[in-house]
Amino acid sequence: MGMNLEYVPVPVPVPAPSPQRPRLHRRILGGMARRILDTYRYDTQLWRTALAGPWVISFLMFTAAVLGIPTGLGSAADIMLATTAATLVLGFAGNILAVLLALTGLRIPRLYAGSLLSTLGIVLLIFYDADLELEAAAAVAIVATVLGGLGGVALGLLRTRRFTMGLVLAALLLASPLALLIGGSDDDVPEMTAAAGTPAPIPAENPGEPGNYTYRSFTYASGQDLHRTEYGDETELISSNVDASAYIKSWPKLRTLFWGFDYSALPVNARVWMPDGDGPYPLVLMVHGNHMMEDYSEGGYAYLGEQLASRGFIAVSLDENFLNYSAWSGIPDNDFKVRTWMILKHLQQIGEFTEQSGNPFYHKVDYTRTALLGHSRGGQAVAMAADAGRWFKNDPAYAATRRFHIASVIALAPTDKTIDDQQARLVDVNYLTLQGARDGDVHDFYGDRQYIRSSFTGAASSFKSSLYIADANHSQFNTSWGLYDQSLPAGLLLDRTEIMNGEAQRQIAKVYVSAFLETTLYGEEVYQNLFRDYRSGLQWLPDTAYYSRFQSGDYIPVATFDEDRKKDTVTGGTAEAAGLIWNEEVAKDRESNSKTTYGLLLEHKAKDSAAAFYSIKLKDSVSGRLAESGALGLTFSMANRNADVGDAEDRPEMAVSPHVEVGLTDSNGVSARLPVDEFMDILPLPRTRFTILPWLEERMSDGKYGDLSEAVFQTYELPFARFLEEEPEFEPDKLSTITFYLQRAGDRIMLDDIGFYDKGNAMEGSKQTAIIQ
């Protein structure tokens, strides 16, 4: 019988499923989430308090930037805008960077660190946009961020009751900016010293003090100004708008929105200071330069308007703010010409006012005595207006203003750009220009170029003069332009430690402007002595070094060095030299650009012990003219170039006065020889650094500041009378030879405008009529 076998499977145990691990990306995201949630873990109370430091730096930077590009809504609104921007930008960027730092796992106060990095970026971008090179902007940003960061930490330590550490850190922070400035300036300004033969003070009242006239002030305007009531409802006289479409083609809509007009309806607005009385009075128009459009400029010359009105002049400060630069709408094209054209339109408007019975100007203006005064671009515009036929001969405004005789032009720190391939050339117009050696805006002495281009055709009473002021800057000639010559924030990096205060600088302007106009428009000849020798008015002037030039219509030229490049011939004779390196060279400014004139550079050979001299033998025609003219003495301009010798490190030692003597010989062979410093010290030129640290000088505004100094001349007048005292047998009427001696090896000078000065208005009653200006 068979067996039935049945297969019974044996159950195999099945392992339980293992738990599934999260995928990689989920693990990463989870870790990131945990770190993000943990972002502020290390920002304790100390570090949260320390956030005030970066915020303050950011706020200050935004404030500086906004004040440098004002909105026109007012400073309070601009500061509120800066506060909001600093808070929002720093808060957003700081938190974003804090999250990113948290993702790295770094165990640091991440919000504080992120805020520091954000502040660094803010400062870097703001200063880089302000025309600093990247490395300079980065350096400023690092310093500002470190100071802000440490300042915040000091505040945090104090709040968490760690008083000792907090106070020590705060003290170090307060001292550190001071340490940066100490020794940072490499300026070298000579001290003024009394020299032999100092002239007697001018026997007249201080022209910088108010005069005896009472006066009133008012405005004339369109009556529709959107921003200033004095040109709106409160204006006394309504003037006509003018159409500048012949000159302006580009005028952004933002500019129209701000002003309420475009170039086809420019307003003729001005502030007026007018003496009481019947008149007629001389008219002086004052023109501001290019400043921020939204920061109105014309009121900044009220100190001159009040001063001149009190001395019997009608002073008018023109509103040309709508032609100025704006960070929001740029600057109109052709603005130099339009600034000049607007001067003509103001003269035309005043001419119409003078014919309207009942008008304050009615019969008050003396057309024969008109002067123009301008600052910065306005200083160029007034010279162009005095030579308006060069640009506007076919414009009706030019014909309408011909009745105004522009007798005098004054330029405060002017520009000197070529417009339509031409530049103003003043003929028989009195010219005065003032320039500060510490001018961080118009840093070259451009007024010197207009001085050179001013000439006379025998008008003996006319003259031109320049004044270079060692410690003056650009902005302080205007009371509303602030303390800095560059707009913020870059202006914060300019060194102001050696700049004279604004009141002192404006005192110089008041003295020179009043004296110049008293001389040229009222014929007060005694004040001309101030321009022949500034030392005759030192009792009215603040203490600084001055350098000036002077030339009158009675000047008899011998050598200008501009006629050709033959150094052995000059206009009035022939020349020779011995023991000298001598060449006719272009006089140059700080940036090594031509000042549009040549001078004679003389340098004593360093190891030559023989006599070193430069001599001019006069033509018979010049000697004859000299005998007929009744000339009082020799005049020449000289620039001290000793500072040009040696490396920059050696210049302080080399910037000393050269030893120069002048000898005169007559046709009989009789000679008299005198040292120049008997008449006035030959001062070294001021050497100016503009930035708070020398390292920044070449890294700011494309290194525009150039060299430490430029060729600045002083004019000397050496009277024949003093040579006669030295040698009684000498006969000036028979003068045949002029010789300049350099006494010391290495001495270096530049000569220009050698000639003779006639009696004109030369000073009397002083042993010293040899005048440096």
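This is a predicted model: local features need pLDDT of at least 70, side-chain atom pairs count only at pLDDT 80 or more; totals for chains, interfaces and linings use all residues.
**Asp753**

I started with aspartate 753, which is buried at a relative accessible area of 14%; buried means under 20% relative accessible area, exposed over 50% and partly exposed in between, with a 1.4 Å probe and protein chains only. Aspartate 753 sits in strand β22 (residues 748-757). Helices (H or I, at least four residues) and strands (E, at least two) are DSSP runs, numbered from the N terminus. Phi of aspartate 753 is near 50°, a positive value in a residue other than glycine.

Residues are numbered from 1 along each chain as its sequence is written, and side-chain values use heavy atoms, with hydrogens and water left out.

I jotted down the background: most residues other than glycine have a negative phi, and most peptide bonds are trans.

I found alanine 413 in the loop between β7 (406-412) and β8 (430-436). Buried or exposed? Alanine 413 counts as buried, at 0% relative accessibility.

Then I looked up cis peptide bonds. Glycine 279 and proline 280 are joined by one, with omega about 0°. Proline 280 is in the loop between β3 (270-275) and β4 (281-287). Leucine 488 to proline 489 is cis too, omega being near 5°. I placed proline 489 in the loop between β9 (463-469) and α15 (502-522).

**Strand β20**

Why is β20 largely enclosed by the rest of the structure? Six of the six residues of this strand (residues 714-719) are buried, so it is. I checked each face: Gln714, Tyr716 and Leu718 are buried on one side, and Thr715, Glu717 and Pro719 are buried on the other.

For a partner I got strand β17 (residues 633-640), which pairs with β20 in the antiparallel sense over six bridges; two strands pair if DSSP finds at least two bridges between them. Glycine 633 has proline 719 of β20 as its bridge partner.

**Helix α10**

Helix α10 (residues 335-353) has 19 residues and reaches 26 Å from first C-alpha to last, close to the 27 Å expected at 1.5 Å a residue. That expected span is 1.5 Å times one less than the number of residues. Of its 19 residues, 17 are buried, so α10 is largely enclosed by the rest of the structure.

Next I looked at α11 (residues 377-386): its axis and that of α10 come within 9 Å and cross at roughly 60°. That makes α10 oblique to α11; angles under 35 degrees count as roughly parallel, over 145 as roughly antiparallel, 65 to 115 as roughly perpendicular and the rest as oblique. Residues in the contact include Phe336, Arg339 and Ile343 of α10 and Gln380, Ala381 and Met384 of α11, contact meaning heavy atoms within 4.5 Å.

**Two last residues**

Serine 310 is in the loop between α9 (302-309) and β5 (314-318) and counts as buried at 3% relative accessibility. Not counting residues up to four places away in sequence, I have serine 310 touching Pro210, Gly211, Asn212, Tyr213 and Tyr215.

Phenylalanine 550, in strand β10 (residues 546-552), counts as buried at 3% relative accessibility.

Key: Axes are lines fitted to C-alpha atoms, for helices over the stretch in contact, and angles run from 0 to 180 degrees between N-to-C directions.
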